[in-house]
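Colleague: I would like to go through the labels used for this model and see what stands behind each of them. Can we take them one at a time?

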There are 2 protein chains.
Amino acid sequence: MPQGQPSVTPVDGLTTRQRRNRPLLLVHTGEMKGKSTSAFGLALRGWNQGWSIGVFQFVKSAKWKVGEETAFRALGRVHEETGEGGPVEWHKMGEGWSWSRKAGSDEDHAAAALEGWREISRRLAAEQHGLYVLDEFTYPLKWGWIDVDEVVSTLVDRPGHQHVVITGRNAPDKLVQVADLVVEMTKVKHPMDAGQKGQKGIEW
Amino acid sequence: MPQGQPSVTPVDGLTTRQRRNRPLLLVHTGEMKGKSTSAFGLALRGWNQGWSIGVFQFVKSAKWKVGEETAFRALGRVHEETGEGGPVEWHKMGEGWSWSRKAGSDEDHAAAALEGWREISRRLAAEQHGLYVLDEFTYPLKWGWIDVDEVVSTLVDRPGHQHVVITGRNAPDKLVQVADLVVEMTKVKHPMDAGQKGQKGIEW
């Protein structure tokens, strides 16, 4: 697969190298499941580059554990033991954020979501990760738990070279406007239409 | 994320469990890059289930190596050393298929592609893998190097419980018709539109 050629040459005063290495804000939205799957696939590439990977899942249930989590934790151990790839951190809202002292009761999802964003915001300021996966992050935005304007300005003004991938349906327009890449996963055909439920290894 | 509920209840004589565990044929198509990335994300879940993962990349250049390959080879070693996850095989057409005695000169891409399909066909008959990723497989189909009807009948009649994911643009209609799930990656916005070239860790 070719690396692709830009369709226009911008007049932004940057060299090709500067432009190429610009940190990206990616949004995976649309009705289909591939949003998170594709974000984790991207994180695999980042891991291979030796980037520090930070995953933040804005999911409600502590029980929810995707196969990717186990695989990335294994890759994090590979890095610790051999130096190959990059370090991996995986945090979930549903079980109480791991940096928080609060237990995972989480009756107040809005407060938990906001706490997650505050931590991400601190990490962005500290340039802690090379790639941030904010999984299902559009929902707390949609529900008004986290202020979209604050998120947009924090992301736009983030220092250094930090890539950010945000997944979830109904990405807010303001977020889409500042994103460098937006992919929409569109359903053409799905087994649930034919009455089949999700199955392990495929849906989670 | 809920596991989802089917929108209709089929009258196919299968129990819910039988239907749920049906092996799936997935097609990732459309104009955007997420096709392969998403397929490898799916393979992460399969690895976590302990499935044998077989990746077959129908790419022309031997030099092309995606970050996912390094990560999956690391996961394959994790499996060998700890028993966690499943075994991983990663084969590329461009460097000469690893099971083949031929060197990787491959002036004849059509013959190499067909050889790849013959091997996949043998493995499907032998029920060798739990998940097959046929990456960029739509191209040899489109170019007539591999017979679409043969592929469709082999896939439809495959024995046991083997999942297959096929990626690439312009998936043939006959393939889409027999697929259980088809996802189309649609471009909403892409940095190359703004004159930015691809960068490592993101595009490869």
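Colleague: What makes α2(A) and α3(B) roughly perpendicular to each other?

Modeller: This is a predicted model, and in it helix α2 (residues 34–48) of chain A packs against helix α3 (residues 67–82) of chain B at an angle of about 85 degrees, with the axes 8 Å apart. Angles of 65 to 115 degrees count as roughly perpendicular, so α2(A) and α3(B) get that label.

Colleague: Which residues make the contact between α2(A) and α3(B)?

Modeller: From α2(A) they are Gly41(A), Leu44(A), Arg45(A), Trp47(A) and Asn48(A), and from α3(B) they are Gly67(B), Glu68(B), Thr70(B) and Ala71(B). By class, this contact of α2(A) with α3(B) has three nonpolar, four polar and two charged residues. Gly counts among the polar ones here.

Colleague: How do you know how α3(A) and α3(B) lie relative to each other?

Modeller: Helix α3 (residues 67–82) of chain A and α3(B) pack at about 85 degrees, and their axes are 10 Å apart. The range for roughly perpendicular is 65 to 115 degrees, and α3(A) and α3(B) therefore fall under that term. The contact consists of Ala71(A), Ala74(A), Leu75(A) and Val78(A) on α3(A), with Ala71(B), Ala74(B), Leu75(B) and Val78(B) on α3(B). Its residues divide into eight nonpolar, no polar and no charged.

Colleague: Why is Asn48(B) called buried?

Modeller: A residue is buried if 20 or more other C-beta atoms lie within 10 Å of its own. Asn48(B) has 25 such atoms, so it is buried. Asn48(B) belongs to helix α2 (residues 34–48) of chain B.

Colleague: What does Asn48(B) touch, leaving out residues up to four places away in sequence?

Modeller: Asn48(B) touches Gly67(A), Thr70(A), Ala71(A) and Gly85(B).

Colleague: What makes strand β2(A) largely enclosed by the rest of the structure?

Modeller: Five of the five residues of β2(A) (residues 53–57) are buried, so the strand is described as largely enclosed. Ile53(A), Val55(A) and Gln57(A) point one way, Gly54(A) and Phe56(A) the other way, and all are buried.

Colleague: Which strands does β2(A) pair with, and in what sense?

Modeller: β2(A) pairs with strand β3 (residues 88–92) of chain A in the parallel sense over five bridges. In that pairing Gly54(A) stands opposite Glu89(A). Five bridges also join β2(A) to strand β4 (residues 131–135) of chain A, again running parallel, and there Val55(A) stands opposite Val133(A).

Colleague: How do you know that β4(B) is mostly covered?

Modeller: Five of the five residues of β4(B) are buried. Leu131(B), Val133(B) and Asp135(B) lie on one side, Tyr132(B) and Leu134(B) on the other, and both faces are covered. β4(B) is joined in parallel to strand β2 (residues 53–57) of chain B by five bridges, with Asp135(B) as the bridge partner of Gln57(B). Strand β5 (residues 163–167) of chain B pairs with β4(B) in the parallel sense over four bridges. In that pairing the bridge partner of Val133(B) is Val165(B).

Colleague: Which residues of the largest nonpolar core touch the most other members?

Modeller: Of its 97 residues, they are Ala43(A), Leu75(A), Val133(A), Ala43(B), Leu75(B) and Val133(B). Not counting residues up to four places away in sequence, Ala43(B) touches Ile53(B), Val55(B), Leu131(B) and Val133(B).

Notes: Residues are numbered from 1 along each chain as its sequence is written. Chains are lettered from A and ligands numbered from 1 in the order in which they are written. This is a predicted model: local features need pLDDT of at least 70, side-chain atom pairs count only at pLDDT 80 or more; totals for chains, interfaces and linings use all residues. Axes are lines fitted to C-alpha atoms, for helices over the stretch in contact, and angles run from 0 to 180 degrees between N-to-C directions. Helices (H or I, at least four residues) and strands (E, at least two) are DSSP runs, numbered from the N terminus. Angles under 35 degrees count as roughly parallel, over 145 as roughly antiparallel, 65 to 115 as roughly perpendicular and the rest as oblique. Two residues are in contact if their C-beta atoms, placed from the backbone, lie within 7 Å. A residue is buried if 20 or more other C-beta atoms lie within 10 Å of its own, exposed if 12 or fewer, and partly exposed in between; C-beta atoms are placed from the backbone. Two strands pair if DSSP finds at least two bridges between them. A nonpolar core is a set of buried Ala, Val, Leu, Ile, Met, Phe, Trp, Tyr and Cys residues joined through C-beta atoms within 7 Å.
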